[in-house]
Amino acid sequence: MAIPTFRQLEYLVTVVDTGSFTRAAEHLHVTQPALSHQMRALESAVGGPLLERLPRSVRLTPMGRAVLPHARAALAEAGRLHTVARRTAGLEEGELEIAAIYSVSLGILPPVLRAWRQRHPGVRIRLREYPHTDRLQAAIAGGRADLAIGPVPVAWEGPIHELGAEEFAIVLSADDPLADHPTGSVVLTDLADRAWVHYAPDHGLADLLDHVCVEAGFHPQAAIRVEQTSAAPLLAAAGLGPALVPANIIPPHFDGVLLRPDPPVRRTLTAYTRARPDPLTVAFADFLADQARVDPTGFAAAATLVDRTDTPARGQNL
């Protein structure tokens, strides 16, 4: 059975409201034969006559009286859909689904979302978190979110917004022998014999820690492995071992010690979408690129910062 079209329902309502096929055709800017043809197609779709033609008017049949309220409701809902789409394009309302790696939802994203909601309170935000960039990229490619925030994606064909280079810190307890290092930095080989606060095997930062330590000439041993990124600096500050963490996730009034790894460890963060993002997603991606503060605000006080152009970045795409 054929499904009635929006246009056919509009024709039915207009004929009833105007009381004649002639006036309805004039109102709809169509010819009367075209209108009659569409009405016959609608009656065929629903399985019976809807209108009875009288000498000077039309009259609804019993089936027509049953169908008419549903036709009006469908047209009203279509009008609401149009309004919502228009308001979404104007950033008045809508829903945005964001996918991010764990550290992003702890670090750079909360202040951006706070500023966004102040400007666009009618836009609802949904957040999905992923432990690894591979799972993040698969999620956005599979349509489970509108925009992804994480390291540079591999072989991505859609738009990519670079947000900046994320700095990593070594976290130690306040009573660690290396905590008072005069340069505010620590050579990774000085920690080669330590057991680390490591990450779960499927966590992207586990790959990053292994990678930078192997580059320094050793394999990090795990004192404990954590699922949540936020737990790593807290456990390191408690003395369970050193941890490598994004400096921008360190909470205020943190009682651990932050040292810059020597050489520095950085990774580029990006926001990326599928090939044809909608206006709301584009607007948020632009806002994020403008507002995101990837560089840590408290790291400069905790460690001696070096010029980023002096040393190549390490740990990219992990």
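The model is a predicted one, in which local features need pLDDT of at least 70 and side-chain atom pairs count only at pLDDT 80 or more, while totals for chains, interfaces and linings use all residues. Residues are numbered from 1 along each chain as its sequence is written, and side-chain values use heavy atoms, with hydrogens and water left out.

I begin with the strands. Helices (H or I, at least four residues) and strands (E, at least two) are DSSP runs, numbered from the N terminus. Strand S8, residues 195-199, pairs with strand S9, residues 221-226, in the parallel sense over five bridges; pairing requires that DSSP find at least two bridges between two strands. Within this pair, alanine 195 stands opposite glutamine 221 of S9. Between S8 and S9 the chain passes through helix H8, residues 204-216, in a right-handed β-α-β crossover. Right-handed here means that, with the strands pointing away from the viewer, the path from the first strand over the helix to the second runs clockwise.

I turn now to the salt bridges. How many does the structure hold? There are eleven salt bridges, each defined as a side-chain nitrogen of Lys or Arg within 4 Å of a carboxyl oxygen of Asp or Glu. I shall discuss some of them.

Glutamate 52 bridges to arginine 59, with the closest N and O atoms 3.5 Å apart. For accessibility, buried means under 20% relative accessible area, exposed over 50%, and partly exposed in between, with a 1.4 Å probe and protein chains only. Glutamate 52 is partly exposed at 36%, and arginine 59 is partly exposed at 43%.

Next, glutamate 95 forms a salt bridge with arginine 124, the closest N and O atoms being 3.4 Å apart. Glutamate 95 belongs to strand S3, residues 94-101, and arginine 124 to strand S4, residues 123-130, so this pair ties together parts that are 29 residues apart in sequence. Glutamate 95 has a relative accessible area of 31% and arginine 124 one of 49%.

Aspartate 176 and arginine 194 form a further salt bridge, their closest N and O atoms lying 2.8 Å apart. Aspartate 176 sits in the loop between strand S6 (160-172) and strand S7 (185-187), and arginine 194 in the loop between S7 and S8, so that distant parts of the chain, 18 residues apart, are linked. Is aspartate 176 buried or exposed? Aspartate 176 is buried, at 12%, whereas arginine 194 is partly exposed, at 22%.

Finally, salt bridges with shared partners connect Glu95, Arg124 and Arg126 in one network.
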